[in-house]
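Please read the following report alongside the sequence and the three-dimensional view. It takes up strand pairing, salt bridges, backbone angles and surface in turn.

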Amino acid sequence: MTGTPRKIGAAQLLPAEAVYADELRFLAAWDPGARPPGWHLTPRAAVAFVGGTGNETLELPGDVRADKDLPRSMRITPKFVGQRTLVERAIVTLAGERGLLLVGEPGTAKSMLSELLAAAVCGSSALTVQGTAGSTEEQLRYGWNYALLIAKGPHPEALVPSPVLVAMRSGAIARIEEVTRCLPEVQDALISILSERRLAIPELTGADGTVYAQSGFNVIATANLRDRGVSEMSAALKRRFNFELVEPIADFEVERDLVERQATAALERVGAALEVDAAVLEALVTAFRDLRVGRTAEGWAVERPGTVMSTAEAVGVATLLGLQAAYFRDARDPVQLLPAYLLGVVRKDDPQDQARLLGYWDAAVKRRADEGAPIWRQLWELRSILESQD
Ligand SMILES: Nc1ncnc2c1ncn2[C@@H]1O[C@H](COP(=O)(O)OP(=O)(O)OP(=O)(O)O)[C@@H](O)[C@H]1O
Ligand SMILES: [Mg+2]
């Protein structure tokens, strides 16, 4: 084999607490104030971590003695953007007695927000259960190592704790992704955990038979409104959660900057730079937003495709354009690739969606082209790509 040998040992994607370890240490020193029991950061520092501090640089207060390798000032990178009050409410919820349920359309960064919140509150986002139709109660409570169970009988060592149980014992945040994909009777295992804050293990005797949640324990669940909504969740469980609706990013500039930042970061991970014109990125984000809401920025009505045109998908397309430009240097201008990628996003479940995208071209793209905007003129000339049947 020729070429550079493959580097082994580089993780593809690290969790938030590893990527932003320095920020977490800095923020813990920056605000030495009172924190909820078991928390690593104050609520104020947690908000700064999740949302970032924009152009503001935070300074460590003069009387704070920090480790030598910790800088005295730091700008906290933006991560979850757009809804600061939502972040504040989420953090307040976590300091209280109820769980936090983040609901919303696909790709609105519910999982990302839950990971960032967990990293901010307890320093780890690892205690996660991925809810699926096949999830069992054991995954939310505990199971057994059957070899040990047979050899020793019911014994604490034979117990296999779920991430939720580990979080209870260590006073950490447990994350349950896509909780509504679990069967309602499985979801209900959370009711007693959230209300009584303890878990009985009837097979064990004495003190081992009950696990009491330590301070700092709480649950962040996420649920997608498109799959199987929250309607099937039992009323009893719903009452144990504060619901927060995570909405798509409202502001165009905020979304465009995010798409650019995230695509740049994704390309950096493979050692490349994002070489896609600002005008192309702008057109990409504009098209996503127009199709998402069914109305263009100019107020023209367009038909919405059945697919959710999420920011996460926009980041995905921007990254693909960047990769194509990086790996096929002599290939076409990224703008020429945009229609085909957009078609790929739109044409997911409903064949009619291709026609809807063409409708968008005939209405909005053409009008903008007629008004003379060069990028839209180029896109209009590429219309035939959207008629392909493959
Ligand atoms: N407000 C936002 N702030 C930051 N990133 C966002 C925001 N909205 C969308 N994103 C993008 O979405 C990506 C994360 O998507 P994530 O998987 O967390 O969404 P999700 O809501 O959990 O989706 P799903 O319902 O499909 O699980 C981020 O990496 C980012 O690119
Ligand atoms: Mg998710």
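## A covered strand and its partners

Val103 has Leu245 as its bridge partner in β11. The model is a predicted one, in which local features need pLDDT of at least 70 and side-chain atom pairs count only at pLDDT 80 or more, whereas totals for chains, interfaces and linings use all residues. Residues are numbered from 1 along each chain as its sequence is written, chains are lettered from A and ligands numbered from 1 in the order in which they are written, and side-chain values use heavy atoms, with hydrogens and water left out.

Strand β3 covers residues 99-104, where strands (E, at least two residues) and helices (H or I, at least four) are DSSP runs numbered from the N terminus. β3 pairs with strand β11 (residues 241-246) in the parallel sense over 6 bridges, and with strand β10 (residues 218-224), also in the parallel sense, over 5 bridges; two strands are said to pair if DSSP finds at least two bridges between them. On the β10 side, Leu102 stands opposite Thr222. Of the 6 residues of β3, 6 are buried, a word that here means under 20% relative accessible area, with exposed meaning over 50% and partly exposed lying in between (1.4 Å probe, protein chains only). Gly99, Leu101 and Val103 point one way from the strand, while Leu100, Leu102 and Gly104 point the other way.

## Salt bridges

The count of salt bridges comes to 22, each being a side-chain nitrogen of Lys or Arg within 4 Å of a carboxyl oxygen of Asp or Glu. In one of them Asp31 is joined to Arg44, with the closest N and O atoms 3.2 Å apart. Asp31 lies in the loop between α2 (21-30) and α3 (43-51) and Arg44 in helix α3, so this pair ties together parts that are 13 residues apart in sequence. Asp31 is buried at a relative accessible area of 10%, whereas Arg44 is exposed at 51%.

Arg356 and Glu303 form another salt bridge, at 2.9 Å from N to O. This pair links distant parts of the chain, since Arg356 belongs to helix α16 (residues 352-370) and Glu303 to the loop between α13 (278-293) and α14 (311-327), 53 residues apart. Arg356 is buried, with a relative accessible area of 17%, and a network of salt bridges links Glu303, Asp350, Asp353 and Arg356. Arg141 and Glu137 also meet through their side chains, at 3.4 Å from N to O, and Glu137 is partly exposed at 39%.

## Positive phi angles

Ala109, although not a glycine, has a positive phi of about 75°; this residue is found in the loop between β3 and α5 (110-122) and is partly exposed at 24% relative accessibility. Glu178 likewise has a positive phi, near 50°, and is found in the loop between β7 (173-177) and α9 (184-187), where Glu178 counts as buried at 12%.

The buried residues of helix α10 (residues 189-196) are Ala189, Leu190, Ile191, Ile193 and Leu194.

## A nonpolar surface patch

Val270, Tyr327 and Phe328 form a nonpolar patch on the surface, with about 340 Å² of accessible area together. Val270 is found in the loop between α12 (252-269) and α13, and is partly exposed at 45%. Patches are made of residues with over 30% relative accessible area and no salt bridge, with like charges joined within 9 Å and nonpolar side chains (Val, Leu, Ile, Met, Phe, Trp, Tyr) within 5 Å; accessible areas come from the Shrake-Rupley method with a 1.4 Å probe, and for residues only the protein chains shown count as cover.
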